[in-house]
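Subject: Structure handover

Hi,

Here is the structure for you to look over. My notes on it follow below.

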Amino acid sequence: MDEFTTVSVREARANLARLLDQAEDGEPTVITRGGAPVAAIVPIEEYEALEEAADELLARKAVQTLADEGDAPRATLADVLADIFGPPTEASSTGAA
């Protein structure tokens, strides 16, 4: 990665507008708390690229998991929803409002 600026939280608060201008110009800034990096201000293009890469990685892992499982039984959407929200109630299963 290219060189970047490092600032404390206090410096970031005092200079946020300048740091945002730097991000617009393609310069990331790492924010530290107690000397340890905790966040970064990056150009939106870099953030979006990171999000896309994470989505792609998750999709590849999902495809690999499906391939590894072969013909193993899979949960239906109804099973997943029941695990999250509990089984359907009498009113919801009959379509009553």
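The accessible surface of the protein chain comes to about 7900 Å². Carbon and sulfur atoms account for 57% of that area. Keep in mind that this is a predicted model.

**Overall layout**

The chain has 97 residues, and 12% of them count as buried. It holds 5 helices and 3 strands. Along the sequence the order is β-α-α-β-β-α-α-α. Take the contacts between residues at least 6 apart in sequence: 25% of these join residues at least 24 apart.

**Core**

The largest nonpolar core has 6 residues. They are Val7, Ala12, Leu19, Ala23, Ile31 and Ile41. In soluble globular proteins, nonpolar side chains tend to be buried together. With neighbours within four places in sequence set aside, Ala23 is in contact with Ile41, Val42 and Pro43.

**Gln22**

Gln22 sits in helix α2, which covers residues 16–24. Is Gln22 buried or exposed? Its relative accessibility is 15%, so it counts as buried; the cut-off is under 20%. Leaving out neighbours within four places in sequence, Gln22 is in contact with Thr5, Glu27 and Thr29.

**Surface patch**

There is a nonpolar patch on the surface, formed by Leu77, Val80, Leu81, Ile84 and Phe85. Together these residues have about 540 Å² of accessible area. Leu77 belongs to helix α4, residues 77–85. Leu77 counts as exposed because its relative accessibility is 63%, and the exposed class begins over 50%.

**Salt bridge**

How many salt bridges does the structure hold? The count is 1. The side chains of Glu56 and Arg60 form it, at 3.0 Å from N to O. Both residues lie in helix α3, which runs over residues 44–69. They are 4 residues apart, about one turn of the helix. Glu56 has 41% relative accessibility, so it counts as partly exposed. Arg60 is at 57% and therefore counts as exposed.

**For a first look in the viewer**

- Buried glutamine: Gln22, in helix α2.
- Patch: Leu77, Val80, Leu81, Ile84 and Phe85.
- Salt bridge: Glu56 with Arg60, in helix α3.

Best wishes

Technical notes
Residues are numbered from 1 along each chain as its sequence is written. This is a predicted model: local features need pLDDT of at least 70, side-chain atom pairs count only at pLDDT 80 or more; totals for chains, interfaces and linings use all residues. Side-chain values use heavy atoms; hydrogens and water are left out. A nonpolar core is a set of buried Ala, Val, Leu, Ile, Met, Phe, Trp, Tyr and Cys residues joined through side-chain atoms within 4.5 Å. Buried means under 20% relative accessible area, exposed over 50%, partly exposed in between (1.4 Å probe, protein chains only). Contact means heavy atoms within 4.5 Å. Helices (H or I, at least four residues) and strands (E, at least two) are DSSP runs, numbered from the N terminus. Accessible areas come from the Shrake-Rupley method with a 1.4 Å probe; for residues, only the protein chains shown count as cover. Patches are made of residues with over 30% relative accessible area and no salt bridge: like charges are joined within 9 Å, nonpolar side chains (Val, Leu, Ile, Met, Phe, Trp, Tyr) within 5 Å. A salt bridge is a side-chain nitrogen of Lys or Arg within 4 Å of a carboxyl oxygen of Asp or Glu.
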